[in-house]
2 protein chains.
Amino acid sequence: MFRDKIRVLDCTIRDGGLINNHDFDHRFVREVYKAVAASGVDYIELGYKNSKKLFSTKEFGHWKFCDDEDIKKVTDGIDSNIKISTMVDIGRVDMDDVKPAAESPVDMMRVASYVKDIDKAIFMTNHFHQKGYETTINVMAISRDMGPELTEALHQVEEESNIIALYIVDSFGALYQEPVEKLVKEAKDILKTKEVGFHGHNHQQLAFGNTIEAIMHGANFLDGTVYGIGRAAGNCPLELLLGFLKNPKLDIRPVLDLISKELVPLRSKIEWGYIIPYAIAGMLNEHPKAAMALRKTDKKENYREFYESLLNVE
Amino acid sequence: MFRDKIRVLDCTIRDGGLINNHDFDHRFVREVYKAVAASGVDYIELGYKNSKKLFSTKEFGHWKFCDDEDIKKVTDGIDSNIKISTMVDIGRVDMDDVKPAAESPVDMMRVASYVKDIDKAIFMTNHFHQKGYETTINVMAISRDMGPELTEALHQVEEESNIIALYIVDSFGALYQEPVEKLVKEAKDILKTKEVGFHGHNHQQLAFGNTIEAIMHGANFLDGTVYGIGRAAGNCPLELLLGFLKNPKLDIRPVLDLISKELVPLRSKIEWGYIIPYAIAGMLNEHPKAAMALRKTDKKENYREFYESLLNVE
């Protein structure tokens with residue numbers, strides 16, 4: 001699979017940060033940056049740009065805020081053309097805090113949005129665009145919102161925004177290939193002047209397969225994380241995506257080294273991957289938060305009871 | 001997804017046996033049988049029917065041979081309509097040892113075959129068919145043999161055999177969705193009087209996604225194993241398949257209980273699942289045996305070196 005327009009984004013630190021309060025030390029993030037840059041991946045997302053008025057720096061690590069100094073600490077002296085991305089949540093960023101792109105190490109701002117918040121997302125991406133950033137809108141929890149509101153939102157984005165890509169985000173790991181095909185085709189059809197992206201979650205072991213499905217139907221912006229690290233079951237493993245894509249600029253070997261040296265040891269300390277309560281949440285199209293809470297209790301392996309509790313919610 | 005013709009086969013004990021020399025104790029196998037039967041799955045495969053002249057009962061457990069008495073020990077007293085399958089490898093079974101189906105607890109004999117051995121597989125399945133068994137041919141390592149020999153083999157099977165289904169077996173976990181689509185369509189096209197099956201391996205986390213892909217293109221015989229247990233990275237997790245299929249006769253809950261009580265503890269003793277050397281073997285379309293050997297050495301986490309060693313083989 002080689003298509004020149006494909007762009008790969010690694011969000012190891014950003015999505016992985018959701019399982020450790022964004023508290024990766026600078027050494028680890030620098031190792032990730034170095035390996036991902038060496039692999040030829042196009043973008044690396046280092047965290048969220050959240051307001052320190054809303055979140056405490058005592059409670060959360062550096063990558064909840066992504067200060068320029070922290071970014072420079074993990075990137076300075078490493079020769080690379082990789083672009084740096086940060087994510088913002090609607091209502092959690094102090095927009096005036098965001099410097100013009102020319103004064104920042106950040107190249108891209110990705111706004112995570114539900115379908116219902118699309119007007120805010122468009123407003124924010126237009127603001128960041130004016131400051132010189134590349135921008136995307138990442139439509140979260142799309143498995144719960146695939147109807148006419150989504151169609152309308154896509155038309156608005158096409159007409160009113162300057163984003164370079166709109167991402168379909170399967171936050172609940174609930175999508176099978178057919179809905180991925182339907183969503184990518186609809187987005188491609190409406191977004192004549194933007195690219196379509198896909199960000200999978202691996203609750204049902206479908207993050208990589210669905211990413212391939214999205215590629216087949218024309219998605220060109222693809223997210224992955226090293227060893228699949230990420231909230232709950234995690235994301236599309238970057239190494240599998242690199243194995244699939246045949247672009248000669250990509251090299252899997254630095255990522256394999258990084259997994260050996262950093263991710264395997266980390267996995268013995270924090271939990272992600274194929275874990276039944278996340279699979280159950282995915283198959284029932286539910287947010288993984290109940291499963292994440294369960295994993296902190298002594299009922300963490302009571303799968304049937306958890307399954308029945310989710311059924312009763314419906 | 002509800003299609004009346006779909007048949008689900010659990011091969012937890014058979015494929016799982018490849019990682020412990022088929023040495024599950026009777027209590028464990030009985031628990032698996034009980035849960036899988038209660039879930040409404042159509043078939044359960046309990047092991048191989050190998051000749052004791054070729055393999056030692058000291059070296060291998062019961063499920064390498066599947067004697068009737070062992071099968072009866074794990075099934076007697078459990079009320080169920082589930083059918084029992086055993087697998088045979090070409091050249092490893094003493095065919096005269098196999099009693100007529102009417103005198104055996106076994107309902108189905110599945111013959112595992114490479115494309116090159118298809119004549120032998122047809123001969124064997126015809127023999128078992130005459131003895132009253134349902135039969136299938138499971139075409140192994142198909143990712144290495146997708147050309148004209150396969151086409152010819154499919155025609156032979158259609159014309160010369162009495163099997164109920166021919167399985168596409170992705171032994172190396174190397175197939176992406178597009179080749180699965182191509183293979184299922186070709187098999188459906190040629191096998192007018194048989195069903196098509198799919199057996200995935202999970203080296204690249206695609207066993208479940210590829211099974212869905214096979215279903216979409218008309219495969220009706222589907223293999224899974226509880227918690228994905230199986231050689232190397234394992235198989236399509238049965239629980240995910242049950243979550244996807246909407247046939248009201250299927251019930252995921254007994255399988256969830258089984259995972260809680262039996263498979264999670266077992267996984268801490270024997271290894272299967274998403275492990276990088278298996279992923280590397282899959283993406284390079286190689287047999288997992290080199291990766292399995294690596295996992296027994298102190299270089300088990302040296303992924304880059306392993307990757308480069310496989311590249312040099314080519």
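## Basis of the model

This is a predicted model, in which local features need pLDDT of at least 70, side-chain atom pairs count only at pLDDT 80 or more, and totals for chains, interfaces and linings use all residues. Residues are numbered from 1 along each chain as its sequence is written, while chains are lettered from A and ligands numbered from 1 in the order in which they are written.

In chain A, eight strands form a closed barrel in the order 1-2-3-4-5-6-7-8, with parallel pairing. Strands here are DSSP runs of E with at least two residues, helices are runs of H or I with at least four, and both are numbered from the N terminus. Two strands pair if DSSP finds at least two bridges between them. From one strand to the next, the twist averages 25°. Strand 1 (residues 7-10) of chain A runs parallel to strand 8 (residues 221-224) of chain A, and four bridges join them. The bridge partner of A:R7 in strand 8 of chain A is A:F221.

Chain B also has a barrel closed by eight strands in the order 1-2-3-4-5-6-7-8, and the pairing is parallel. Its twist averages 25° from one strand to the next. Strand 1 (residues 7-10) of chain B is joined to strand 8 (residues 221-224) of chain B by four bridges, the two running parallel; B:V8 has B:L222 as its bridge partner in strand 8 of chain B. Strand 1 of chain B also pairs in the parallel sense with strand 2 (residues 43-48) of chain B, over two bridges, and B:D10 stands opposite B:I44 in strand 2 of chain B. Six bridges link strand 4 (residues 108-113) of chain B and strand 5 (residues 134-139) of chain B in the parallel sense, with B:V111 opposite B:I137 in strand 5 of chain B.

## Two helices of chain B

The axes of helix 2 (residues 26-38) of chain B and helix 9 (residues 253-267) of chain B come within 8 Å and cross at roughly 160°. Axes are lines fitted to C-alpha atoms, for helices over the stretch in contact, and angles run from 0 to 180 degrees between N-to-C directions. Helix 2 of chain B and helix 9 of chain B are therefore roughly antiparallel to each other, a term used for angles over 145 degrees.

In helix 2 of chain B, B:F28, B:E31, B:V32, B:A35 and B:A38 meet B:P254, B:V255, B:D257, B:L258 and B:E262 in helix 9 of chain B. Residues are in contact if their C-beta atoms, placed from the backbone, lie within 7 Å.

## Domains of chain A

The domain assignment of chain A gives domain 1 (7-267) and domain 2 (276-313); such bounds come from an automatic or database domain assignment. The C-alpha centres of domain 1 of chain A and domain 2 of chain A lie 26 Å apart. Ten residues of domain 1 of chain A are in contact with eleven residues of domain 2 of chain A.

## The contact between chains

The contact takes 31 residues from chain B and 30 residues from chain A. Helix 9 of chain B gives the largest share of the side of chain B that touches chain A, namely six residues.

Key:
Contact = placed C-beta atoms within 7 Å. Parallel < 35°, antiparallel > 145°, perpendicular 65-115°, else oblique.
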